[in-house]
Amino acid sequence: MSNALAFLLRLAGTERIRLLLSCVCSAVSSLCALIPFVVVYRIAELVLADSIDAAAIGRLILIALIAVLFRFALMGISSMLAHAAAFRVLYDLRVRLIDKLGKLPLGFFGEQHSGRLKKVISDDVERIESFIAHHLPDLTASVVTPIITAIYLFTVDWRLAIAALLPVPAAFAVQLLMAARGKRSDDMKKMHDLSETMNGAIVEFVHAMPVIKSFNQTVHSFARYHDSVENYASLWTHIARKNTPLYVLYLLLLESGLLFILPAGLWMYERQAVTLPVLLLFLLLGVGLTTPLRQISTLSHMMQNNLESVRRIEAVLAEEEQKADEAGFRRPERYDIDFRQVRFSYGSREVLKGVQVKAEHGKVTAFVGPSGAGKSTAAQLIARFYDPSHGEIRLGGKDIRSYAPERLMDMVSFVFQDVPVISDTVFANLRMGKPDAELGELIHAAKAAQAHEFISTLPDGYDTLIGEGGISLSGGERQRLAIARAILKNAPVLILDEAFAFADAENESKIQEALSRLLQGKTVVVIAHRLSTIADADHIVVFDNGHIVGAGTHAELLEHCSLYSNMWQAHREAGEWSLTGEGGKVCLT
Ligand SMILES: Nc1ncnc2c1ncn2[C@@H]1O[C@H](COP(=O)(O)OP(=O)(O)OP(=O)(O)O)[C@@H](O)[C@H]1O
């Protein structure tokens, strides 16, 4: 807890002064709220005196009015200062988080992190706002008010003050017990873990909606989402059940002040040990003395929750960044890619088991093999989506880890099978390939990628908004945009992972023609299931279960690699297949 608090204070940085002022204003404001009670006490004294001093009563009423005005003015100032500080801290925090995410390897953004990231960036950061803007000033007031009230009451009559405070130690003991139980139980951590799982499941649920709908399933059938919502609800029920008895006891003790003040006060009044105004003052202030303490309990629960959020933000900020030892960087003359005994695991599952392969500059190297053999993973390692657990990958003779990530990304273009678009215009999407590209250059690249034709049919052509909130593009259209971006980027290394999967036969040959110009003098790695598209590659590497089981030209592999020749055979047979319906049955011919 103290670490998270220290982190929060560091985060507050220069805003600490503003926060301190906000807390001071909040404390003074709550003290102003006490003044009208004191005024009532003083007026009662004056009224019960032998001669009524109307002028003094008038002055007291004025003081009470000013105190009320001050109270609300200070509350406003405190809230303004706290909100200003909170939003500055939030702004800095969001910038730091975005900056951090930009420096993390792309593999970090895999599906298992989506819920965690959504929660940290949106929910946890928002919690910091409530903590700084509301909880800190409120907490200060809740601590300062009872202390000052108690001191004042002691100066008026120490015996009744003790009576008013009698239940407080017992209430504190219960509060400490609740805090200790909360700490031991790890409930807050569990709650945040479940919230992350739920966030991840929601993202997955939305993505899986087409499958859910097409199979006429309900939310109950989507087990991960259903279970996470249920687990979250039952954890809260469990927390409430466990804490309610102690919380009720705590409230009971806090509210029991009257049980002590009233009998003690009346007994003393009867013996003329206190005056009526003093008894009145204790009934007004003494009974309310413990009200702020009730708020402390609620706030301390919220603080535990918020500090868990702080811990999670801290954990993202502490994620290991990709670093590079770039001393004396020089662009390589050749861009050969050299895998040297590369091993890589997702968690404990090793999917590349000592891959040794070279993709030469100026040549097209194809990765082929059965599904799940590790082709895409190997290609992704070239762009440092992940780093190998053993071995190294060299680009232009140097370990890719020695290039700064942004420099490496400058040298590598990727076209995936499933290309996301950003929700912006077609122009903006294309421009990502080359931010300073001229209009003509963008259109030229779109034409080369066979994208110009479909873009021209969009309602606003190149100015059409696409992606979320705009026009949805088909898989093939998105892929052609990605190819246009790659053409614009013109990086020396080009990785095409199932880049033609959506293209129809006519477009594929046109795109290949356009690409053949782009490929000149580059290091190209192609992954394709349709073997006919890579049969002419300079070098074909056959993957199987994380190993390389063959390498060479198409002709060499047909002769020496049984897996490749089987795959080629299967590919040719598949080319002859067609789905036909015969008498209501579907069969392969
Ligand atoms: N992000 C990931 N987390 C965990 N496992 C993964 C991840 N991505 C891939 N895998 C697993 O690693 C193995 C290799 O996957 P990879 O995508 O590299 O194979 P591939 O040869 O490209 O397959 P395909 O041809 O079907 O695309 C597979 O068993 C896959 O399930």
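**View 1. Pairing of strands β1 and β4.** Strand β1 (residues 337-346) and strand β4 (residues 390-395) run antiparallel and are joined by five bridges. The model is predicted: local features need pLDDT of at least 70, side-chain atom pairs count only at pLDDT 80 or more, and totals for chains, interfaces and linings use all residues. Residues are numbered from 1 along each chain as its sequence is written. Strands (E, at least two residues) and helices (H or I, at least four) are DSSP runs, numbered from the N terminus; two strands pair if DSSP finds at least two bridges between them. Arg340 has Glu392 of β4 as its bridge partner.

**View 2. The β4-β5 hairpin.** Two bridges join β4 to strand β5 (residues 398-399), and the two strands run antiparallel. Arg394 is bridged to Asp399 in β5. Two residues lie between the strands of this hairpin, and Gly396 in the turn has a positive phi of about 60°.

View 3. Helix α11 (residues 257-270) has 14 residues and reaches 20 Å from its first C-alpha to its last, close to the 20 Å expected at 1.5 Å a residue (1.5 Å times one less than the number of residues). Gly257, Ile261, Ala264 and Gly265 of α11 are buried. These residues cover an arc of only 105° around the axis, which puts them on the same side of α11; the arc is that of the directions from the helix axis to the C-beta atoms. The face turned away from the buried side carries the exposed residues Pro263, Leu266, Trp267 and Glu270. Buried means 20 or more other C-beta atoms within 10 Å of the residue's own, exposed 12 or fewer, and partly exposed in between, with C-beta atoms placed from the backbone.

**View 4. Surroundings of α11.** The buried residues of α11 pack against α6 (158-165), α7 (167-185) and α12 (276-288), where contact means C-beta atoms, placed from the backbone, within 7 Å. Gln272, which follows α11, has a positive phi near 55°.

Key. Contact = placed C-beta atoms within 7 Å.
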